[in-house]
Amino acid sequence: MSSIVGMWLLSREGHTRSRGAVPGKTYPPYSARFLEFVEGGGFIDRAPSGVYRGTWREDERGVVVQHPVHGPQSYRLLDGALLRWTEDEEHGGFHVLSYMPDVPPQLDAVTALLKKSKAPAELIEKRGWLLRALFEGRLDLLALVLRYGGEFSRERLEHLNDCPPAVLPAMLDLLLSQIDALGQYPAYRAGPNLPTGNFVGYLAHHACDAVIERVRARPEGEALLTAAFIALLSSGSFYVGDGLPALLAGVPSADLRDEQGVPLIVHAVLKGPTDWVRRLVEKASPAARLSQNALLAGEWGTLEFAAGLDAKAAATLAIAAIEERQISGGNAPWRAARIQAIRDSVALLP
């Protein structure tokens with residue numbers, strides 16, 4: 001087994017103007033980050049911004065990680081630390097990251113540190129206690145994080161996807177019993193009497209199918225999944241993630257609207273993958289119309305769609321607006337692809 005296999009915790013980072021191999025001035029990071037090297041070549045980067053999975057291999061110079069966002073990254077073991085240097089072309093020298101083998105904290109020690117801290121939320125962020133509580137299924141640690149005001153976000157909540165299945169129901173019980181403590185930004189306002197906040201955003205954009213199924217079985221599950229379903233389809237100018245099938249299975253009807261009165265089928269036709277439209281037409285009325293004027297953003301920029309438009313009419317307007325922008329430059333393939341996707345989606349409507 002390679003000495004690199006296991007969990008590593010970001011312990012120092014900094015910058016050196018020196019072009020030598022030895023790091024210069026470094027300091028403890030503000031936000032904790034975990035790297036997990038799995039035997040067989042799997043790699044997991046656990047960060048406040050989410051969970052990233054890739055691969056790793058060893059060569060004569062050290063360890064090479066294929067990161068899903070940042071591409072190839074090189075690390076080297078030196079005096080028990082895992083180091084990564086990134087050349088700073090603007091200022092010279094290197095940006096240095098140093099990881100140490102992870103040692104799970106004892107609850108008593110964490111409690112004592114939080115009691116003494118003048119800024120417990122910052123301490124939680126620096127030590128990574130929230131992320132660890134979620135992906136390890138540490139109920140005791142999560143309770144402390146909630147008590148001392150840890151900073152939640154929909155991206156941080158993504159770590160719950162790796163929670164051990166046996167502990168997941170209890171973790172959800174605790175999180176949903178204090179759902180307001182998880183934060184209200186971005187405030188997903190899906191409609192009256194529906195939940196809002198970071199947990200809804202997590203369900204919409206980051207939750208795995210196993211979590212969605214567990215939420216679906218809860219008494220408040222239908223309201224949570226309905227809010228998440230609306231948040232997913234009405235958010236942004238395009239979509240990321242693949243949670244729609246699981247969310248769609250958890251709502252009684254897809255004949256829903258966002259807070260502007262725009263039917264979700266309109267959002268899907270204008271911005272979504274064709275496969276999503278194919279699924280939606282089975283549970284939503286393709287003839288649903290906007291109940292009022294609404295501003296929507298997309299490859300067409302920001303455009304006002306008039307009350308009374310259905311998905312086909314809105315698609316015609318969006319395509320014309322994209323074409324009027326004189327497709328050129330770096331976004332040309334993206335805009336052309338969106339025009340084709342809109343046309344393919346319209347073809348699915350009766």
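**Close-up views of a predicted model**

**View 1. The E10–E11 hairpin.** Strand E10 is joined to strand E11 by a hairpin of two residues. The model shown here and in the views that follow is predicted. E10 covers residues 294-298 and E11 covers residues 301-305. The two strands run antiparallel and pair over five bridges. Across the pair, Leu296 of E10 faces Leu303 of E11.

**View 2. The whole chain, for orientation.** The chain holds 14 helices and eleven strands. Of its 350 residues, 47% are buried. Contacts between residues at least 6 apart in sequence include a share of 59% that join residues at least 24 apart. The accessible surface is about 16600 Å², and carbon and sulfur atoms account for 52% of that area.

**View 3. Helix H2 and the helices around it.** H2 spans residues 120-127, and its buried residues are Pro120, Leu123, Ile124 and Glu125. These buried residues pack against four helices: H1 (107-116), H3 (129-136), H4 (139-147) and H5 (154-157). Ile124 and Glu125, buried in H2, return in the next view together with Gly128, as part of a cavity lining.

**View 4. The largest cavity.** Searching the whole structure gives one cavity of 30 Å³ or more. The space inside the largest cavity is about 50 Å³. Its lining consists of Ala32, Pro48, Ile124, Glu125, Gly128, Trp129, Leu130, Leu131 and Arg156. Helices H2 and H3 are the elements that each supply two or more residues to this lining. H3 supplies the most, with three residues. By class, the lining of the largest cavity has six nonpolar residues, one polar residue and two charged residues.

**View 5. The second largest pocket.** This pocket has a volume of about 240 Å³. Its lining is made up of 17 residues. Those nearest the centre of the pocket are Arg33, Asp45, Arg84, Leu97 and Tyr99. Two or more lining residues come from each of strands E1 (6-16), E4 (42-47), E7 (71-78) and E9 (94-101). E7 contributes the most, with three residues. Sorted by class, the lining of the second largest pocket comprises nine nonpolar, four polar and four charged residues.

**View 6. Ser98 in strand E9.** Ser98 belongs to strand E9, one of the strands that give two or more residues to the lining of the second largest pocket. Ser98 has a relative accessible area of 10%, and because the cut-off for a buried residue is under 20%, Ser98 counts as buried. Leaving aside residues up to four places away in sequence, Ser98 touches Leu9, Leu10, Ser11, Arg12, Ala81, Leu82 and Leu83. Among these contacts, Leu9, Leu10, Ser11 and Arg12 fall within the span of strand E1, residues 6-16.

Methods. Residues numbered from 1 in each chain as written. Predicted model: local features only at pLDDT ≥ 70, side-chain atom pairs only at ≥ 80, totals over all residues. Heavy atoms only, no water. 1 Å grid on protein atoms, 1.4 Å probe; cavity = no way out; pocket = protein on both sides within 12 Å on 5 of 7 lines; lining within 4 Å. Points joined across faces, edges and corners; volume = space filled by probe spheres on them. Nonpolar A, V, L, I, M, F, W, Y, C, P; charged D, E, K, R; others polar. Buried < 20%, exposed > 50% of the residue type's maximum accessible area, 1.4 Å probe, protein only. Contact = heavy atoms within 4.5 Å. Areas by Shrake-Rupley, 256 points an atom, 1.4 Å probe, with all protein chains shown as cover. Pairing = 2+ DSSP bridges.
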